[in-house]
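The sequence and structure come first.

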Amino acid sequence: MNPIACRAVAQAGLVAATASADDEQPWPLLLVAGWHTTAVDLVLQDGRLADTLAELELMV
């Protein structure tokens with residue numbers, strides 16, 4: 001499990017809770033989308049790295 005991705009999801013939840021508590025600007029919801037995008041990118045990167053390492057182990 002990627003701790004940085006988990007932190008990004010936690011940040012998104014925190015920002016979402018804060019954004020829903022006030023009726024100000026829509027920009028806090030953009031922060032939520034940004035944190036979720038970061039988490040997804042990190043998880044995908046970990047998956048590609050794991051696949052590459054598995055391929056290298058098969059070559060040895």
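## Overall make-up

Of the 60 residues of the protein, 17% count as buried, where buried means under 20% relative accessible area, exposed over 50%, and partly exposed in between (1.4 Å probe, protein chains only). This is a predicted model, in which local features need pLDDT of at least 70 and side-chain atom pairs count only at pLDDT 80 or more, while totals for chains, interfaces and linings use all residues. Residues are numbered from 1 along each chain as its sequence is written, and side-chain values use heavy atoms, with hydrogens and water left out.

The protein has two helices and zero strands; helices (H or I, at least four residues) and strands (E, at least two) are DSSP runs, numbered from the N terminus. Its accessible surface comes to about 4,800 Å², and carbon and sulfur atoms hold 67% of that. Accessible areas come from the Shrake-Rupley method with a 1.4 Å probe, and for residues only the protein chains shown count as cover.

Helix H2 covers residues 27-59. Its 33 residues reach 48 Å from the first C-alpha to the last, close to the 48 Å expected at 1.5 Å a residue; the expected span is 1.5 Å times one less than the number of residues. Pro28, Val32, Ala39 and Leu42 are buried in H2.

Valine 15 lies in helix H1, residues 3-21.

| Residue | Relative accessibility | Class |
|---|---|---|
| Valine 15 | 15% | buried |
| Leucine 31 | 37% | partly exposed |
| Tryptophan 35 | 31% | partly exposed |

Leaving aside neighbours within four places in sequence, valine 15 is in contact (heavy atoms within 4.5 Å) with Pro28, Leu31, Val32 and Trp35.

Apart from neighbours within four places in sequence, tryptophan 35 is in contact with Ala8, Gln11, Ala12 and Val15. Between tryptophan 35 and alanine 10, 25 residues apart in sequence, the C-alpha to C-alpha distance is 8.6 Å.

## Surface patch

Trp27, Leu30, Leu31 and Trp35 make a nonpolar surface patch of about 430 Å². Patches are made of residues with over 30% relative accessible area and no salt bridge; like charges are joined within 9 Å, nonpolar side chains (Val, Leu, Ile, Met, Phe, Trp, Tyr) within 5 Å. A salt bridge is a side-chain nitrogen of Lys or Arg within 4 Å of a carboxyl oxygen of Asp or Glu.
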